[in-house]
Amino acid sequence: MKIFFLFTFSTFLLSAFEQAAASAHYDKILTHSRIRARDQGPNVCALQQVMGTKKKYFSTCRNWYQGAICGKKATVLYECCPGYLKMDGTRGCPAVAPIDHVYGTLGIVGATSTQQYSDISRLREEIEGRGSFTFFAPSNEAWEQLNSEIHKNLVDNVNIELYNALHHHMVNKRMLTKDLKNGMTLVSMYNDQKLLINHYPNGVVTVNCARIIHGNQIATNGVVHVIDRVLTAVGNTIQDFIEVEDDLSSLRAAAITSDVLDTLGRPGHYTLFAPTNEAFERLPRGVLERIMGDKVASEALVKFHILNTLQCSEAITGGAVYETLEGNTVEVGCDGESLTVNGVKMVKRKDIVTSNGVIHLIDEVLIPDSAKQVIELGGAQQTTFTDLVAQLGLASSLRPEGQYTLLAPLNGAFSDDTLRMDQRLLKTILQNHIIKVKVGLNELYNGQELETIGGKLLRVFVYRTAVCIENSCMVRGSKEGRNGFIHIFRQIINPAEKTLHEMLRNDKRFSVFLSLVKAADLDDVLSRPGEWTLFVPTNDAFKGLTDDDKDILIRDKNALRNILLYHLTQGVFIGSGFEPGVTNILKTIQGGKLYLKTVNDTLLVNELKSRESDLMATNGVIHVIDKLLYPADLPVGNDQLLTILKKLIKYIQIKFVRDSTFKEIPLTFYKINIIESNVQPIIRKEEPIIKTYTKIIDGRPVEVTEKKVTEERIIQGPEIKYTRITAGGSDNEEKLKKLLEEEVTKVTKFIEGDGHLLEDEEIKRLLQGEAPVRKAQPTRRTQGGTARRRTRLANH
């Protein structure tokens, strides 16, 4: 029972201590200051003084090790900790300061001006007598810095004005710094005026934004805290101040338009960075008129200037990020005596204290992204893109009421050759970077197609750590504006124009590989729609291959297909989409594994460097290599074939198992099978839609006209929609027409192999030589009322 009692009691004490410590930041910082000065003797505290000023701080670890406060160099001082005194001939501060009444304690802490004013205003008798007071005593320097006119009025009327002013600095109970909780409101001894307390994590404690510079000097009838300025009466609310301040009439109009002004009249602990009229006048007239005419934008603008926390200037000793009422953040910092917002000195007047917060007047208007047009979201790294969009007349097509997504390449993506291009070509390139709809990063998915204002369809590829559109991948920095998103890309986006087969046929570097593809009857695979990644060896990979050698390869079609299909994987894998330095295991159509990773922006395939990567095709992507790939675990059983392969492949040891044969790889891995039934479809046609856009063919812009026709087949209630886009009578149109006339109930797509990025467990199984778990392809049936739509493209 005793053990249980002791455990319960100790738990209670620990809990009480933690709760007290949670609000005693000042005392924690003071303790650290004592530790830093322990070599100087007992009861010595280390302070930092900002060079060129009289400001001293018991510093946080951050400021201490930086050796600076508010970006200014700080010197280290060693002084007696509050409540202790030096003695002649001894180290440190071994003596305890005498305990006196509040009046006498004012002299002990050096607040002699406050002591003198207490004497002449006849407050002395009260603070020498019985009671329990807290006196926030202005330092001598604080009285010197007080406005001369206010100072004179106080001294000229000591019995009323000065007496009341000193009472405004007093609370009728003892309050140590640990009792001064953040957000607390105390009632002063003058006319129940409010004293707003803030206790910050960096140890700074403020009273109506005046900083306590020497705290917790105990008196027989209370406690004295020395503060760095004379307190003035707290005004009404922030709303009240805005409504009567002539220099804030523009802000007042914006706050009324956006219905935010009433918020600033409610109880709270707000910080308002209030732009002056001059700040609003600096904005371009068109920008100001657009924002003021848009209630959503004006509300975002006003709320972007408001913090839901009270930040006095004296509490800011370094940069910190704060969330605004608009939802985004601003960085508030300091530079010497000046406050900064987002790194810019813009505060003209600090610490206008109200009953529900504090106001800092600034000479710039802060415009949040949510109030900007999408073209205004571009940062310093996207100026080439935004300048070109404006210069080529595309900015005017981005209507304020529209919805767009800009895919903005970094400045470095634009080479000199690109910038010297014909303006018509350059305009077409830029159109490929403007999407017709507003699409956020979290709305993008793998396989998605996005239509540009130029009529192009761009494909989206989503990987573990990257999102790519066609050949280019995003970098951090996406922003949402009033009429769209902007996403940042590493490279200029190049939409695919040709199939894999067409790209091989048009590039002489791949002529040998293409001839082998044709001999293996695989050219149809590379011509049809699909999603493939093809690793293509250049002709250099086949140096030393004689015509006889080639004939031997071609005669063994199974061997040839095994070799070629080891270069093909299902799925589109962009080189820059891989996580740098991490090995990705892909399964090829042949069945073997490829090991891919990127190092220093170079794609490695089985540790071989890709000489050129991310050549986009309409049905996949090509990565160029200069070696023939071969699966290391696949044995060769023919002497002639082994000799040929050894000529071409010297980077691995090829296994030889006599009389072993290559497996047959049927071409069903890419074909679509049609299964017939006896149900007659009903065909219904819609009106055709004509669309014209510009297409780059052989480096020149060519105008292309498309006709979009939708046909619907209804089979026993359900309907299946086939959509085709064609420029007129083609083989594709005839094939589609034939399909629609036939009896069809279901389409099943058979795909052998799985080329996705493998999950960890699958990787383990593959590395251990086990067969991967294959996901069954679901069979889709025409049941219910579900419509299926297929889109086919044929441009002429």
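Helices (H or I, at least four residues) and strands (E, at least two) are DSSP runs, numbered from the N terminus. By this count, the protein holds 24 helices and 42 strands. The model is a predicted one, in which local features need pLDDT of at least 70 and side-chain atom pairs count only at pLDDT 80 or more, while totals for chains, interfaces and linings use all residues. Residues are numbered from 1 along each chain as its sequence is written, and side-chain values use heavy atoms, with hydrogens and water left out.

Of its 796 residues, 48% are buried (under 20% relative accessible area, with exposed meaning over 50% and partly exposed in between; 1.4 Å probe, protein chains only). The protein exposes about 39600 Å², and carbon and sulfur atoms supply 49% of this area (Shrake-Rupley method with a 1.4 Å probe; for residues, only the protein chains shown count as cover). Among contacts (heavy atoms within 4.5 Å) between residues at least 6 apart in sequence, 64% join residues at least 24 apart.

Strand β29 (residues 532–537) runs parallel to β35 over 6 bridges, and Trp532 has Gly620 as its bridge partner. With 2 residues between them, β34 and β35 form a hairpin.

Elsewhere, His487 sits in strand β28, residues 484–489. This residue counts as buried because its relative accessibility is 1%. Beyond its neighbours within four places in sequence, His487 touches several residues, including Thr405, Leu407, Gly440 and Met474. The C-alpha atom of His487 is 8.5 Å from that of Pro409, although 78 residues separate the two along the chain.

The side chain of His487 makes a polar contact with the side chain of Ser478 at 2.8 Å (a pair of N or O atoms within 3.5 Å; within protein, one must be able to donate a hydrogen and the other to accept it, and residues adjacent in sequence count only if both atoms are side-chain atoms). A polar atom of the His487 side chain also lies 2.9 Å from the backbone oxygen of Val439.

Conventions: Two strands pair if DSSP finds at least two bridges between them.
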